Amino acid sequence: MAGIRVTEVDWLSQKNGAAHHTQEYPGPELVVRRGQAFTLVLELSRPLKDQETIIFTVETGPQASEDHHTKAVFQISEPEVDKTWTAVEEAQTENTVTVSIASPPNAVIGRYLISTRVSSRRKQNDRKLGEFVLLFNPWCPEDDVFLDSEEERQEYVLNDSGIIFRGVEKHIRAQGWNYGQFEEDILNICLSILDRSPLHQNDPATDVSRRHDPIYVSRAISAMVNSNNDRGVVQGQWQGKYGGGTSPLHWSGSVAILHKWFKGRFKPVKYGQCWVFAGVMCTVLRCLGIATRVVSNFNSAHDTDRNLSVDKYVDSFGRTLDDLSEDSMWNFHVWNESWFARQDLGPSYNGWQVLDATPQEESEGVFRCGPASVTAIREGDVHLAHDGPFVFAEVNADYITWLWHEDESRERVYSDTKKIGRCLSTKAVGSDSRVDITGLYKYPEGSRKERQVYHKAVRKLFSVEASGRRTRVRRGGGRGLWRDDLLEPAAKPNITGKFKMLEPPKLGHDLSLALCLANLTSRAQRVRVNLSAATILYTRRPVAEILHESHSVRLGPEEEKQIPITISYSQYKEDLTEDKKILLAAMCFVTKGEKLLVEKDITLEDCITIKVLGPAVVGVAVMVKVTVVNPLLERVEDCVLMVEGSGLLQGQLSIDVPSLEPQERASVQFNITPSKSGPRQLQADLVSPHFPDIKGFVVIHVATAK
C-alpha cells in the first residue's frame, strides 16, 4: 500500500482565535497561547490503519533541541495531565483527523515550526505543516503570567489603546496613546525585538530556551526598547533639541515607532522620552501576552549615587546648580508594571512588577530596569532582584536642598521631605479615569510605618561602620556621606511661603501669580526674597532664566503678605520648551539666619476638542469635528492636524489647518470609517512651528454593523 502523508491542514483560525483570545491578530499565521489546547484538521492521502498514528514535531529557534525545551516530538495518544506537549484525536472521518494539541503552561514562547509523519514500517521524512506563534497565557492558571480577573485581562492584555498621565503633581494631564498591538506586522516586530537582543546574538540557543520565563523576557525587552547598549528601538533625547528626528511629544502611539524601526533595518528611532519608552514597552509586552500597564510617578527621584536621597544644590536665588546636582527630581516619570509570578523570590512577591525601559542607570552593565516587585518596594526589601534600590528611591527618596555658597561651603535649607513619589497614577480598568496607586508602593507619607520601611531600606543598602561619635555610611564607588546629613532635617523656619496662581496659566498669555508669606511668630520679622523663574524640561532641567528679582518684606506679628509676580508672554515666548513648563523659585532669608526655599512648577494650559457627529458603526463613514484655538496673541500659519486611532483609521491622517488669527477658534471636519468594534481611541495633535503641540483624544464606542 502507498505511504501515507498529510496533504492539507485547516488551522481553524477563527475557532482557535476565539478560544485563545487571539482573534485580533491580523494573521495569516495561527496565534495561540500556551497551556491551552488548539485544534487542527489534517487531511490525509488515505485513511489511517489500526497500527498507524500521527507523530508531531514542534520546534522554535535555531538549534532547537529537546534538552533545551525548544523542540518536542509527540504522537496522538490518550489525554495526559503532564507538563509536555500532547496531541489527542477528537474526530476521524475517512481521510481527515481532527487533533487537539496542547502545549505545557511553561512552554517557550515564540514562532514554532510544526511538522508531521505517520508511524509505520516505512521510513518517512517529516512533512512541514507550517508555522504558528505561541504566546504567554494570562487565562491559564498554571502559567506564571496568570491574572485572575477577566476585566483586568481585557484592559491589560487586549486593550490596544490607553492613557498616559503627564504634567505636574497639582495639574495632571491625560494623554491618549495608541498601543496598537494587533496592527499589521506588530507581532512579527515584537518577536524580532527578542531576536535582535545581544542575549540572542551571543547565544541564540540558550536565549530561546529561556523565553519560557516572563522575568527573563521582560528584562530583555526593557533593555531592547532603548538603544543605549544595542540597536534597540528608541533613542532617548532630553536636551530639547530634536534635529534629524521626531520630537518625543509628536508621537501618539507605538505603531509608527515600531514600523519605522523594523523598516529602517533596526536603526534606532529618534527620539523618545520616558512616556514613549513606556508606551512602546506596553505594546510589546501586551502583544506577547503579559498583562502590562503604564504608571506615572509625579516628583520622581533620579538617585544617581544610591544613597536614597535626592541632593539638590541651589544658589542664593534658588536656581538649580546643574553642575553640582547629579541627583534630580523629575516633574514626572513613566514606567511599566507587568503582572507575573516571581519564582525566583517566592509567592509573596508575585503580582505587579516594575519595568522601566528609559535609559537612566545601568543594571548589570546594561541600561534596563526591573522587574522589581512592587510589594518588595513597599516593604523596603531593596536587596531583592532586580534594581530595587533605584525604584525605591524614585518613590521614597528624601529630598534634601543645599544652599551652595561662593566659598564652596554648603548648608541645609528647609524643604519638604514628602515631595518625592506623589500621585502614582494609572488608567482605570474599563474607563478613562485616573487611579491613584501610591498605596501599592509605600505606606502613608509621614506615618511611622513609612519611616520604618525607609530606615529598613537604608540598612539593607548601606554597610555601616563606627567612626568616632558619628556613623559614616559607605556606598559602592561613591564618596561617604555623614548619616546625620542624610537623616536629620534642616531646622523649620518661623515663616511659611507658597506661590499662588491669580489666573489660570494659559499658553500665549502673561502669567499672574503671587508669593504668599506668613509670619508664624508673635514678633515682627524681616525677610529678603530672591525670586527666579526658568523655562524647564519635564526633568526639571533649566533651559533659560526668565525672571530674576529681589524684594525686602517686613512681616508684622502673625502677618501674611503677598508679593505680586508677573511674567509676560514675551519673557517666556522664545525659551518655552515643548513641555510647556516653568519653574519658579523663591529663596527666603529670614532674621536669625533661617532660610526657606519655595518652589512651584507651572504647566501652561491649551485647548482642543473632538466630537463625533453621529453613531460610529463598523464599515460606515462618520464625520468627526475637531475644534482648535490659536493660543497666541498673533496670527499663525502652517498648522497641521495629525489624527490617528487603531481600528478607526488606516495609518495617520494629516490635515492642513487654515491660518488662524490671534486667539481664533476654528474647526476641522473629516470622515473616519471604523474597521473594529468596541471602545476605540481617536487622537488629534495640532502641530505648529509657532507653539508646542496641542493634543487631545476621545474614546469612540463603535457598534458592529447590523
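Let me start with a term: a residue is buried at under 20% relative accessible area, exposed at over 50%, and partly exposed in between, using a 1.4 Å probe and protein chains only. Helices (H or I, at least four residues) and strands (E, at least two) are DSSP runs, numbered from the N terminus.

What we have here is a predicted model, where local features need pLDDT of at least 70, side-chain atom pairs count only at pLDDT 80 or more, and totals for chains, interfaces and linings use all residues. Residues are numbered from 1 along each chain as its sequence is written, and side-chain values use heavy atoms, with hydrogens and water left out.

First, strand β37, residues 639–644: 5 of its 6 residues are buried. Which strands does β37 pair with? Pairing takes at least two DSSP bridges between two strands. β37 runs antiparallel to β38 (residues 653–657) over 5 bridges, with C639 bridged to V657. Another 5 bridges join β37, again antiparallel, to β40, residues 678–687, and there L641 sits opposite L686.

Now over to helix α6, residues 214–225. Its 12 residues span 16 Å from first to last C-alpha, close to the expected 16 Å, which is 1.5 Å times one less than the number of residues. All 12 of the 12 residues are buried, so α6 is largely enclosed by the rest of the structure; among them are P214, Y216 and R219. At the helix start, a side-chain oxygen of D213 comes to within 3.0 Å of the backbone nitrogen of I215.

Thanks, everyone!

Notes. Polar contact = N/O pair within 3.5 Å; in protein donor to acceptor, adjacent residues only side chain to side chain.
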